[in-house]
Amino acid sequence: MSLKNDKNPRGNAAEGSISGNSGKGRRGDPVFRFIMNTMKKMKVLPQISETERQALEAGDVWLDGDIFAGKPNFRSMLDKPYGGLTAEEQAFIDGPLVELCRMFDHHQVGKTRRVPEHVFDFIKAQGFMGLIIPKEFGGKGFSRLAVSTILHTLTPYSFTVGVRVMIPNSLGAGELLIHYGTDEQKQAYLPKLASGEYVPCFGLTEKTAGSDAASMKSEGVVFRDTDGQVKIKMNFEKRYITLAPIANLCTVAIQLSDPDNLLGKSTAENKGDIGITCVLIHKGTPGFVNGPHHIPIGEPFENGTLKGDDVVVPLDNIIGGPAYAGGGWKMLMEQLAGGRCVSLPAGAVGNLKISAAAAGAYSMVRSQFNRQIGQMEGIEEKVASIAAMTYMLDAARIFVCSAVDSGVQPPVTSAVLKAYTTEIARKNGIDAMDIMAGSAVMQGPRNVLAKGYTGAPVGITVEGANILTRTLMIFGQGATRCHPYALKVVHAVDDSDVPAFRWNLLGWMTHFGLGLVRTGVRSLTRGWTTSVPRVAPETRSYYRRLGWAAAHFGTLTDLAMFTVGGKLKARQMLTGRYADAVAWMLLGFSALRRFEAEGRRKEDLPLVRYALTQALSEVQTAFEGIYANFDVPVLGFLMRTVGAATLRLNPLGRAPSDALARKAAATVQTYGEQFNRLTDGVFVPAGDELGLGQLIEAFRLTSETQPLVDKVIAAQKARTLPRGAINAEVAAQAVEIGVLTKAEADRLAVANAAKIKAIEVDVYTHDEYYLD
């Protein structure tokens with residue numbers, strides 16, 4: 001049984017779930033009623049609040065369902081759409097996007113914290129603020145993949161400018177109105193949002209409600225005003241709101257109450273508390289103040305507060321109108337189910353590509369001890385990781401965005417993408433800093449990595465802090481929502497539906513038994529019993545081991561649900577390891593999907609092998625952590641002893657070898673087609689511009705003149721030329737003895753001059769250094 005793309009997680013017989021209609025009605029037999037009531041009392045199953053229920057039921061199950069079930073169908077998974085921008089989208093990326101990046105000095109923008117007026121005018125005029133708005137309302141109507149691709153170029157180049165494109169095209173007024181707005185609201189707001197006349201922001205976070213956004217205290221009360229109209233009076237104080245200081249149309253989430261039942265939604269159960277509601281507020285509304293500014297870490301961007309004291313707006317300002325009063329949380333969960341995979345992962349992958357471009361180039365431009373530092377194994381090790389993670393995470397970005405564009409909203413996979421792209425990009429960004437060393441820690445326009453390094457915590461923190469996402473959301477939501485039976489059993493218990501409980505529990509037991517057998521067989525055969533479709537022969541072993549890992553994961557999931565049960569929320573170190581396992585399986589498969597989609601490029605095999613080897617090693621580490629910390633009587637002891645020993649003797653994978661690391665590093669250490677393809681989307685300024693422009697130009701010249709360097713080195717080894725650095729004097733001697741021509745020596749001189757220019761760092765006079 002699977003819940004894939006099941007819009008009704010409770011299921012029924014017509015949708016393929018196990019039906020409990022055995023003729024006994026909802027009373028069922030006494031044995032299963034006793035079991036069900038006992039499970040309720042002992043809180044064996046996760047306790048789900050109404051807000052958690054809405055989050056669980058939002059969106060769709062995707063590839064994560066295959067993994068939680070423990071039996072991935074790789075043929076079906078490979079059939080999922082991957083990539084594909086329209087000609088119009090590609091033209092926009094090649095045209096207005098590149099033009100936008102060329103029209104401002106990103107260092108100066110960051111230094112002054114101001115977006116030049118002509119730049120913002122261009123953003124509005126070219127439709128950057130309406131990328132997701134349908135064409136009928138004046139927008140571009142672009143795919144989520146196109147939006148992600150645009151942002152993965154723009155936001156790493158300048159986050160200050162990028163947020164002015166990111167926020168209007170993410171969760172907020174535009175997206176909510178597209179999906180839930182009334183016809184009148186769409187006609188009134190969407191054209192002005194698309195043109196940039198309205199600059200939006202979305203107010204959710206407040207002092208006492210951060211990651212636990214559902215606990216917000218912001219309030220709105222429905223009342224009848226003196227003019228006879230039913231309105232809302234709101235009081236709130238929001239913080240950390242991006243674009244708040246410059247927005248003129250703010251969407252604010254509040255807890256709405258209706259003490260006089262003017263909406264007709266008050267009941268004895270809710271006592272007039274209608275629930276979270278999303279309300280539009282215009283700048284200048286009496287009692288409403290947007291701003292002042294926060295100053296976020298890293299590259300500055302407009303972020304601040306929203307405050308409302310007795311702010312009164314008409315009911316029509318509720319997004320979706322009065323019918324959607326109390327529907328705000330569901331709106332947010334439904335849109336974040338897929339939307340979380342777009343903006344922040346785009347920025348993370350974009351920064352990772354910059355790390356790959358800069359570290360790969362610098363490792364070959366910079367020389368020490370008479371050799372390129374990229375030939376030193378310590379450097380190669382880090383370059384390899386950066387290159388392979390770039391390949392894999394860009395694959396995941398494209399793959400998941402393609403799923404959203406096909407109509408799937410996968411909340412668990414989106415959470416994986418958000419948390420793990422931002423975390424891996426941060427780690428590899430630090431590796432790139434280590435490689436570039438002094439040139440990476442001196443601030444100024446020549447510094448290529450500082451923005452991504454200092455700004456990484458922003459992506460880690462927002463849209464669900466990574467700690468919360470990893471330890472609560474991914475496995476907590478996935479184990480219930482993505483499991484073939486768990487959510488159906490939970491619903492049956494909540495509804496006291498004994499027949500449905502009986503059949504789904506029996507189905508779960510059968511599933512668990514088969515899973516145990518499957519895990520044992522795949523462990524004994526090291527995955528050889530996994531069904532693998534016709535894929536590249538070089539990658540078949542990775543499918544087998546992923547199948548083995550998924551079977552093992554499915555069994556471990558069932559064991560956690562059975563034995564830890566309702567306490568899983570409190571066992572966050574344990575659930576974090578489960579999240580690591582499922583995340584690395586999803587990321588690893590994304591690399592395989594990319595390899596197939598791009599025609600099985602042989603030159604990319606080192607990257608695929610490194611990425612999958614690393615992914616399987618991470619899954620192995622996660623499993624070892626689960627076995628070592630499964631604190632359940634008897635079973636836990638067996639897992640910590642016999643199970644852990646077996647796991648170590650028969651591992652899923654180990655860390656990439658040194659030989660593989662050298663091959664993976666080489667993919668970004670020569671300027672050419674592969675380097676450009678792997679770093680596609682990085683905006684590279686002209687070759688004479690400080691920073692990345694000069695570095696990539698030096699890298700290009702270094703790669704082109706490498707055959708000349710090799711000839712000189714061969715002559716040095718033959719002792720026809722003196723050993724040492726290949727400088728102008730050595731080049732001149734090489735010309736004299738015929739090793740090089742004069743033209744070749746001149747090319748070497750140009751390349752050497754470019755190298756020196758590329759490794760320069762910024763210096764400042766006393767007056768420039770002191771700010772007073």
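The structure is a predicted model, in which local features need pLDDT of at least 70 and side-chain atom pairs count only at pLDDT 80 or more, whereas totals for chains, interfaces and linings use all residues. Residues are numbered from 1 along each chain as its sequence is written, and side-chain values use heavy atoms, with hydrogens and water left out.

Rings of Phe, Tyr and Trp (the six-membered ring of the latter) were taken to pair if their centres lie within 6.5 Å, planes under 30 degrees apart being classed as stacked, those over 60 as edge-to-face and the rest as tilted. By this rule the count comes to 27 aromatic pairs. The rings of Y543 and F589 have centres 6.3 Å apart and planes at 85°, so this pair is edge-to-face. Because Y543 lies in helix α21 (residues 540–563) and F589 in helix α22 (residues 572–597), the pair ties together parts that are 46 residues apart in sequence; helices are DSSP runs of H or I with at least four residues, numbered from the N terminus. The rings of F553 and Y578, with centres 6.0 Å apart and planes at 65°, also form an edge-to-face pair. This second pair links F553 in helix α21 to Y578 in helix α22, 25 residues apart, and both residues are buried.

A nonpolar core is defined as a set of buried Ala, Val, Leu, Ile, Met, Phe, Trp, Tyr and Cys residues joined through side-chain atoms within 4.5 Å. The largest such core has 235 residues, and those with the most contacts inside it are Y420, F553, F589 and F630. Helix α14 (residues 377–405) gives the most to this core, with 18 residues. A second, separate core of eleven residues includes A715, V730, V739 and L748.

With pLDDT denoting the predictor's confidence in each residue, from 0 to 100, the chain averages 92, and 96% of the residues score at least 70. Over residues 1–26, however, pLDDT stays under 50, and the model has 60 contacts (heavy atoms within 4.5 Å) beyond four places in sequence for this segment. Where pLDDT is low, the predicted coordinates should not be read in detail.

Key: Buried < 20%, exposed > 50% of the residue type's maximum accessible area, 1.4 Å probe, protein only. Helix = DSSP H or I, 4+ residues; strand = E, 2+ residues; numbered from the N terminus.
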